Amino acid sequence: MKKRILGVNARGDQLTVGAIGLGCMGLSQSYPPFPPKDEGIKFLRTAVEHGVDFFDTSEVYAIYRNEELVGEALEPVRDQVKLATKGGWDIQDGKVVGVDSRPATLRRALEGSLRRLRTDHIDLYYIHRVDPKVPIEEVAGAMKNFFDEGKILHWGISEPAVETLCKADAVFHVTAIQNEYSLWFREIEQEMLPTLDELQIGLVPFSPLGKGALTGGVSKDQQFASNDIRHTIPRFNDEKLLAKNVEQLERLKQFALEHETTPARLALAWLLHQRDWIVPIPGTKKIHRLEENIGAADLEFSTEDWATLQSIADGVSIVGDRYDAKNLALVGK
């Protein structure tokens, strides 16, 4: 797979990864059905064989179990891959009760992630959500300590506000942030992308396929299981909003058909075209979908075709919130 420099750390070391990473959450939570452990391990190792070298997980995904799965699967090929994980939660008795980015909590979280991932360092370690009770400067200082100890090689923040990111970067340079970004959700283009340009910070878009909508695999009258994250999301769980949103993707499907490709590949290729330091992490559990996704790195279009695809993107205006009220309250701090 083609490589990209996602970003650099405070020392100037580059984080170079394949252009398409893999979000591992869906192997354990949010997008049922979930494969048995042995199938999940086999899938992750097959992804490496296909050239994927950037894997994303979190302590909170299935409360530690996703990290354990990723760690067991990738231990034999650890020197071939880059691992990204996230911490900063208050987890009690196997349940998340809030965010907690106090340095002592982050240290416990990091040590737990290192153990579960069966490694002595994390390539990219994020705080998963900004904790409004802890100054971001303290978080950056803790990350510098972890870096100096060799336990993390790069650090990042998931879904920060621009002001928060700037404060953090002033203390200890942030390699990359994680944020939702896709043809389906483009809010970060207004302020965040220019800030990333200025600060030379990379971007890892999660949900780059609109939680499945941009694959063409979501119907306008689809019902989602109670343990499917989309069951809680207004743009999916309101039948009128879902129908309107799915209808807006018809031009994307037609363009894909005309160019003998798929909507998913187009959506990922469009993201890659926005900046050369963007590395999306689509999630899947199926090999044919994995192959479809990584093929986006090789899509090439004429200037005219790119302009047409951009016009299609500009014509998409999704209605409905991307999270329920509880989760919306945790972002943009």
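Trainee: How many salt bridges does a search of the whole structure find?
Mentor: The search finds 25 salt bridges. A salt bridge here is a side-chain nitrogen of Lys or Arg within 4 Å of a carboxyl oxygen of Asp or Glu. Keep in mind that this is a predicted model, where local features need pLDDT of at least 70, side-chain atom pairs count only at pLDDT 80 or more, and totals for chains, interfaces and linings use all residues. Residues are numbered from 1 along each chain as its sequence is written, and side-chain values use heavy atoms, with hydrogens and water left out.

Trainee: What does aspartate 53 meet in a salt bridge?
Mentor: The side chain of lysine 3, at 2.4 Å, N to O. Aspartate 53 sits in the loop between H1 and S4 and lysine 3 in strand S1 (residues 3-8), so the pair ties together parts that are 50 residues apart in sequence. Those labels are DSSP runs numbered from the N terminus: helices are H or I with at least four residues, strands are E with at least two.

Trainee: Is aspartate 53 buried or exposed?
Mentor: Buried, at 6% relative accessibility. Buried means under 20% relative accessible area, exposed over 50%, and partly exposed in between (1.4 Å probe, protein chains only).

Trainee: And which residue does lysine 211 pair with?
Mentor: Glutamate 180, through a salt bridge of 3.8 Å, N to O. Lysine 211 is in the loop between S11 and helix H7 (234-237), and glutamate 180 is in strand S10, 31 residues apart. Lysine 211 and glutamate 180 are both buried.

Trainee: Which residues are linked with those two in a network?
Mentor: Arg129, Glu159 and Arg322 join Glu180 and Lys211 in a network of salt bridges.

Trainee: New topic. What is the strand order in the open sheet?
Mentor: S3-S4-S5-S8-S9-S10-S11, seven strands with parallel pairing. Strands S3 (22-23) and S11 (202-206) are the edges, each pairing on one side only. Two strands pair if DSSP finds at least two bridges between them. S3 and strand S4 (residues 54-56) have two bridges. There, glycine 23 stands opposite aspartate 56.

Trainee: What about S6 and S7, how do they pair?
Mentor: In the antiparallel sense, over four bridges, with S7 covering residues 95-99. They form a hairpin with two residues between them, and aspartate 93 in the turn has a positive phi of about 50°. Tryptophan 89 stands opposite valine 99 in S7.

Trainee: Which side chains of S6 are buried?
Mentor: Trp89 and Ile91, which point to one face.

Trainee: Where is the cis peptide bond?
Mentor: Between proline 32 and proline 33, with omega about 0°. Proline 33 is in the loop between S3 and helix H1 (37-49).

Trainee: Let's do the core. Which residues touch the most other members of the largest one?
Mentor: Leu44, Phe55, Leu74 and Trp155, out of 87 residues in the largest nonpolar core. Helix H10 (residues 263-274) gives the most, with eight residues. A nonpolar core is a set of buried Ala, Val, Leu, Ile, Met, Phe, Trp, Tyr and Cys residues joined through side-chain atoms within 4.5 Å.

Trainee: Which residues of H5 are buried?
Mentor: Thr164, Leu165, Ala168 and Asp169. They cover an arc of only 125° around the axis, so they are on the same side of H5. That arc is taken from the directions from the helix axis to the C-beta atoms. On the other side of H5, Glu163 and Ala170 are exposed.

Trainee: Last one. What does the side chain of threonine 175 join in a polar contact?
Mentor: The side chain of histidine 154, at 2.9 Å. A polar contact is a pair of N or O atoms within 3.5 Å; within protein, one must be able to donate a hydrogen and the other to accept it, and residues adjacent in sequence count only if both atoms are side-chain atoms. Threonine 175 is buried, at 0% relative accessibility.
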